[in-house]
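Take a look at the sequence and the model before reading on.

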Amino acid sequence: MAARIPPEERQTNLVVALMATEIGLTKQQILDNISGYRQRADAGTRADALEKMFERDKDELRTLGVPIETIGDPGDPNDLREARYRIPKAEYDLPADIAFSAAELAVLTLAGSVWSAESSSADAQAGVRKIRALGIDGDEPIIGFAPRITVRDASFAPLQSAIEDCRVVAFDYLKPGEQSPRRRRVEPLALLDYEARWHVYGIDLDADDERTFLLSRIVGDVTSTKRTFDAGLREGAGERALAGLEAVAARNSALLEITPGTEAALRLGRRSTPQVQGFSVPFVDVHIFADELASYGPEVRVVEPAALRDAVIARLEATVAAHADEVGTDAARAERGER
C-alpha cells in the first residue's frame, strides 16, 4: 500500500526540490524522486495519473503565488516534451528586510496549522508551506502542543470559501419566534467565534446593512452565487464584527446566582463580574443564553432580567414535560406487556 503523504506535504517537497535545482527537473525526475509521487509510483499508480497529480500540484502552487518556471528545449522553446521545472530562489525568498526570531517562526507555524483539515484556510496552508519550504523550523516544544480547531456547523466551510473568493452567498435563516426561515443574500466578510459559537459577519443585500448571523440558525445549504464583491470590504471586518457583538453584550447583562464549585461556576465565572447578590454576566442573545443557563439546571438561578428568567423557566418546564411524556409512554408499554 502506498504511504499516505498528505497533499500539502507533497507540494512542500516539490517546492523544496524545485528551489534546490539551478537547471531544473524534468517531470519524470520529479515523479521518480520526490516524496509523495515516488511512493505512489512504487505502489503501481499509473504514469498518467501521476502526471495529472503533478499538473494539479503545479497549478495550485502557482495559484498560491509560487513562481514555478517551465524551461523548454533551448533549440525549440515551445517543445515542452522534455521541459524542466524550477523555482528561482531569489523570487521566492522572503524580502531582505524581513526577519523572524525562532519564537516568532514557531508562532507563525502554529497559527497556520491550528485549523483541522476540514476547515483549514488556503492562506494559512500557503503560509505554513512557504515557511517549511524555506527550511525554517520553529520551536518543536510549541509546535508539539498545537491545538486543532474543528467546527460542527455545516455552513462553515462554504462560507469560508465564499469569503476567500469574495462571492455573495444565499441561505435560509431561522430567527427565534419565527415559524419559517427567511432567505438571506449576504456578502460574507468574516467568520468569528464568540462565546463558543460561530458567526458570519457581512452585508445583508436586502437590508443594505451590515449584519451578524449565527451559523447554528442557518437552515439547509449555503449557496455560493456567481456575484462577487470588492475584496477591500474584508479589511477589518473581523474587528468590526467583534466590536459589534461586544457592544451588544455591554448593553445586556444578567444578574445570576451561581452555585460554587459547579460546572456553571467554572464556565460562567470566566466572563462574570461579582456583585453583592450574585454575578453579572453580559450576553448577546437572550434565546442562546437561556439555552445555556437551562443546561446547568439547578446550578444557576436568574435574578434578572425577567425576560431571561422566563425563557429559562420555559425551557426547564419543556424538559420536564418531555420526560413526563417519556415516562408515561414507558409505563403504558409496561402495563400492556403485563396484560
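**Salt bridges and strands at a glance**

A search of the whole structure turns up 15 salt bridges (a side-chain nitrogen of Lys or Arg within 4 Å of a carboxyl oxygen of Asp or Glu). Keep in mind that this is a predicted model, where local features need pLDDT of at least 70, side-chain atom pairs count only at pLDDT 80 or more, and totals for chains, interfaces and linings use all residues. Residues are numbered from 1 along each chain as its sequence is written, and side-chain values use heavy atoms, with hydrogens and water left out.

**Charged pairs**

- Arg217 and Asp285 meet in a salt bridge at 3.0 Å, N to O. The two sit 68 residues apart in the chain, and both are buried (under 20% relative accessible area; exposed is over 50%, partly exposed in between, with a 1.4 Å probe and protein chains only).
- Arg271 pairs with Glu292, their closest N and O atoms being 2.7 Å apart. Glu292 lies in helix α12, so the pair ties together parts that are 21 residues apart in sequence (helices are DSSP runs of H or I, at least four residues; strands are runs of E, at least two, numbered from the N terminus).
- Lys27, Glu55 and Lys58 are linked in a network of salt bridges.

**Strands**

- Strands β6 (residues 197-204) and β7 (residues 209-214) run antiparallel, joined by six bridges (strands pair if DSSP finds at least two bridges between them).
- Four residues separate β6 and β7 in a hairpin, and Asp208 in the turn has a positive phi of about 55 degrees.
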